[in-house]
Amino acid sequence: MRVYVPLTLPGLAEAHETGELGSGTFTAYAVTPALREWYLSDDVEELEYAALSRAALASLRLLAAEPGAARRRVVVAVDVPEDTATAGPDRGLDPVALGEVTVTASVPLVKAAAVHVDADDAAADVSAAADALRAAAGGDHDAQYVVDGADDHELLWYATQEIPHLVGRG
């Protein structure tokens with residue numbers, strides 16, 4: 001099963017250093033039944049993109065909690081055995097949890113298929129979106145507009161061999 005793991009650049013650096021994504025149980029995003037129902041598409045590529053987008057939003061939440069991190073969303077795409085990734089049945093249609101899965105095993109970073117990261121020119125919009133998240137969650141429509149502005153920036157695709165360069169160690 002392809003899962004998308006939300007991180008920050010410091011989180012990616014830590015994964016690079018330890019060689020693992022997560023230590024034990026961690027949250028990722030995937031094409032779940034609830035995501036299929038919400039997205040209303042049978043196109044696998046569109047559904048995968050929706051899962052990647054959900055992970056990018058989760059990365060934004062991580063950035064909001066980590067004010068010192070570079071303002072670039074990071075998502076690692078990795079294939080895991082299906083029995084190690086489960087969707088929470090009680091959170092299936094919770095808008096925040098759409099596509100969310102719990103991965104119950106550490107995953108070697110070398111198994112990652114790709115890394116998706118914002119370009120440098122997205123930093124201002126991503127920073128503003130991270131700052132507006134709390135107000136947007138409270139129903140502020142102007143803040144939600146700012147949060148949605150981060151989605152105007154497509155995450156760039158990087159090969160896993162480029163991780164050292166992304167985290168400043170290459």
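**Notebook: salt bridges and a charged patch**

I started with Asp79, which counts as partly exposed at 39% relative accessibility. This is a predicted model, so I kept that in mind throughout.

Next I looked up the partner of Asp79. Arg2 forms a salt bridge with Asp79, with the closest N and O atoms 2.8 Å apart. The pair links distant parts of the chain: Arg2 sits in strand 1 (residues 2-7) and Asp79 in strand 4 (residues 74-79), 77 residues apart. Arg2 is partly exposed too, at 29% relative accessibility.

I then went through other salt bridges; the count comes to four. Asp120 and Arg72 meet in one of them, at 3.1 Å from N to O. Asp120 lies in the loop between strand 8 (112-117) and helix 4 (123-137) and Arg72 in the loop between helix 3 and strand 4, so this pair ties together parts 48 residues apart in sequence. Asp120 is exposed at 59%, whereas Arg72 is buried at 14%.

Asp118 and Arg73 make another salt bridge, 2.7 Å from N to O. I found both ends buried: Asp118 has 0% relative accessibility and Arg73 has 2%. Arg73 and Asp118 also belong to a salt-bridge network with Asp151.

On the surface I noted a patch of negative charge made by Asp42, Asp43, Glu45 and Glu46. Asp42 is in the loop between helix 2 (33-39) and helix 3 (44-65), and is exposed at 73%.

Last, the overall fold: I noted six helices and nine strands. Of the 170 residues, 44% count as buried. The radius of gyration is 15 Å, which agrees with the value near 15 Å for a compact globule of 170 residues.

Methods:
Residues numbered from 1 in each chain as written. Predicted model: local features only at pLDDT ≥ 70, side-chain atom pairs only at ≥ 80, totals over all residues. Heavy atoms only, no water. Patch = residues over 30% accessible without salt bridge, like charges linked within 9 Å, V, L, I, M, F, W, Y side chains within 5 Å. Areas by Shrake-Rupley, 256 points an atom, 1.4 Å probe, with all protein chains shown as cover. Salt bridge = Lys/Arg side-chain N within 4 Å of Asp/Glu carboxyl O. Lys, Arg positive; Asp, Glu negative; His and termini not counted. Charge placed at Lys NZ, Arg CZ, Asp CG, Glu CD. Helix = DSSP H or I, 4+ residues; strand = E, 2+ residues; numbered from the N terminus. Buried < 20%, exposed > 50% of the residue type's maximum accessible area, 1.4 Å probe, protein only. Rg over C-alpha atoms; globule rule 2.2 N^0.38 Å.
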